[in-house]
Amino acid sequence: MTDQLQAATAPAVARSRAGASPLGPVALTTLLFGAFLPMLSFFILNVALPAIGSDLHASSGELQLVVGSYGIANATLLVLGGRLGDGFGRKRLFMVGLTGFTVMSLICAIAPTVGVLLAARVVQGATAAAMTPQVLASISALLTGAHRARAMAMFGVAGGAAAALGQILGGVLIEANVFGLGWRAVFLVNVPVGLVAVVAALRLLPETKADRAQRLDLVGAALLALTLVLLLLPLTEGRPLGWPLWTWLCLAATVPAVAVLGLHQHRSERSGQAPLIPPTVLRLRAMRIGLLLAVAFFTTFGGFMFVFALATQGEAHMSPLEGGLSLLPLAVGFLITSIYGPRLQVRYGAGLILRGWLIQAVGYALLAVVALTLWPHVDPWRLAVPMLVAGFGSGLVMVPLIGVVLSQVPATQAGLGSGILLTSQQTCLALGAATVGTAYLSMAGTNWGQGGALAAVSLAITVISLLMIPVTHQLRSSGKGV
């Protein structure tokens, strides 16, 4: 380990061994804003989509792209952001990302056209990619034992709270219409929080780096970006444009793009270079299983949150506030299980994820029953029980997964591990909004109606949750606890 890294981390390690956390409550909270704000920005937008479409005269395809463009930009650069943090300093990259994210939030808020909004969302996703990997990387580098377990659980709480509370906050802001801002307030809310977090981070966060700087795999980063764009862009824009030829060509090109990316990563590793995503890391059995579970969870979760906002403000005729409040039970269930997650992990290990899938399946099945029998005569109270059960299950799945993935990566490559995990998360959130959103909108325009389409989506998530139970059992039997 270099002298610079020892100087940066020795006081923190000493305090950790002495029983005190090297990240005080304010410093850790500041760091966790790097997880909270990007997730909040992704989900708070869902409830504002109808208002944005009306104000900026945006089509349904453009609205899907407003959501998807952020996720695409974020996902394509997350691993690179983790690598940059390992090499140039995690605090430094965190500060750059947080500052840029705050500025882009302001530009989104004042965007006069949907084109400007789309461009700002792309840059906002890129700045989030510089910021977010440093959160898990810093936690892994600075904390050990119980301190790390609690911080990981709080990371899960921050992400889950942002996802669920984002739409609630969005509904409140749009309903209040403070100073006539309407949907623009969902972006402006990031600005004061971001400014305070920048000042706090500058004063309180310690700097850490990897033990040795590694050469950036820019070719790998470009190939990953190309692959994700070829996959996500046509899935986002295909349905509203009537699936023109270019969408099918892009999807077909995804296969050779993945092959070229994999070949490049193998060659880089064999030649002693530092590939963007080392194949040796992906060969770890627990890593592969954990990533498969992450793909299933985040794809279905991202898709559901997107269609739920459309459904509640559509045939159900809920206001943005009522639509957001319908998610409050889900947020409560998620937060409770996230807070008590570390204690439950000690008792159940990887079996906690298995229980989470089962509970989540029950919640979405109950929601499907409500949608089939009561729609469109629903309100937040009628949706409360299914959403609460689904929230409990989601919390039991998501929080342990973070520990599963990062436990397979050495602390010196903490940025790499967090980048891989968060790339999977953001890719799948965008993929869910594109695929599940497309399926929902296609069904909602037929005899299914929005209630039937929401029921179909809920039942599909139920089935996927049940299918993940035997997969989780493989993780449990591998001896890799959480």
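pLDDT is the predictor's confidence in each residue, on a scale from 0 to 100. The structure is a predicted model, in which local features need pLDDT of at least 70 and side-chain atom pairs count only at pLDDT 80 or more, while totals for chains, interfaces and linings use all residues. Residues are numbered from 1 along each chain as its sequence is written, and side-chain values use heavy atoms, with hydrogens and water left out.

Confidence was examined along the chain. The protein chain averages a pLDDT of 82. A score of at least 70 is reached by 88% of the residues. Helices are DSSP runs of H or I with at least four residues, strands are runs of E with at least two, and both are numbered from the N terminus. Mean confidence is highest in helix α5 (residues 90–109), at 94. Confidence is lowest in helix α1 (residues 3–17), at a mean of 39. Over residues 1–19, pLDDT stays under 50. A contact means heavy atoms within 4.5 Å. For residues 1–19 the model has 22 contacts beyond four places in sequence. Residues 478–482 also stay under 50 in pLDDT, with twelve contacts beyond four places in sequence. Where pLDDT is low, the predicted coordinates should not be read in detail.

The overall fold was then described. The secondary structure comes to 21 helices and zero strands. Residues are called buried under 20% relative accessible area, exposed over 50% and partly exposed in between (1.4 Å probe, protein chains only). Of the 482 residues, 60% count as buried. Among contacts between residues at least 6 apart in sequence, 83% join residues at least 24 apart. Accessible areas come from the Shrake-Rupley method with a 1.4 Å probe, and for residues only the protein chains shown count as cover. The chain exposes about 18300 Å². Carbon and sulfur atoms supply 70% of that area.

The surface carries a nonpolar patch. Patches are made of residues with over 30% relative accessible area and no salt bridge; like charges are joined within 9 Å, and nonpolar side chains (Val, Leu, Ile, Met, Phe, Trp, Tyr) within 5 Å. The patch is formed by Leu-165, Leu-325, Leu-328, Val-332, Ile-336, Ile-339, Tyr-340 and Leu-388. Together these residues have about 620 Å² of accessible area. Helix α16 (residues 328–339) gives the largest share, four residues. Leu-325 lies in helix α15 (residues 320–325). This leucine has a relative accessible area of 34% and is therefore partly exposed.

Salt bridges were identified next. A salt bridge is a side-chain nitrogen of Lys or Arg within 4 Å of a carboxyl oxygen of Asp or Glu. The count comes to three. In one of them, the side chains of Arg-184 and Asp-55 meet at 3.6 Å, N to O. The pair links distant parts of the chain, 129 residues apart. Arg-184 sits in the loop between α8 (145–176) and α9 (185–188), and Asp-55 in helix α3 (residues 49–56). Arg-184 counts as buried because its relative accessibility is 18%. Asp-55 is partly exposed, at 39%. Asp-86 and Arg-90 form a salt bridge at 2.7 Å, N to O. Asp-86 is buried at 6% relative accessible area, and Arg-90 is buried at 1%. Arg-382 forms a salt bridge with Asp-379, with the closest N and O atoms 3.0 Å apart. Arg-382 is partly exposed, at 43% relative accessibility. Asp-379 is also partly exposed, at 24%.

Aromatic side chains were treated separately. Rings of Phe, Tyr and Trp (its six-membered ring) pair if their centres lie within 6.5 Å; planes under 30 degrees apart count as stacked, over 60 as edge-to-face and the rest as tilted. The count comes to eight aromatic pairs. The rings of Trp-183 and Phe-187 have centres 6.2 Å apart and planes at 90°, so this pair is edge-to-face. Trp-183 is buried at 3% relative accessibility, and Phe-187 is buried at 1%. Phe-297 and Phe-298 form an edge-to-face pair, with 5.1 Å centre to centre and 80° between the planes. Both Phe-297 and Phe-298 are buried. Phe-297, Phe-298, Phe-301 and Trp-357 form one aromatic cluster.

One further residue was followed in helix α4 (residues 60–88), namely Leu-63. Leu-63 counts as buried, at 14% relative accessibility. Not counting residues up to four places away in sequence, Leu-63 touches Leu-49, Ile-52, Gly-53 and Ala-58. The C-alpha atoms of Leu-63 and Ala-48 are separated by 10.0 Å, with the two residues 15 apart along the chain.
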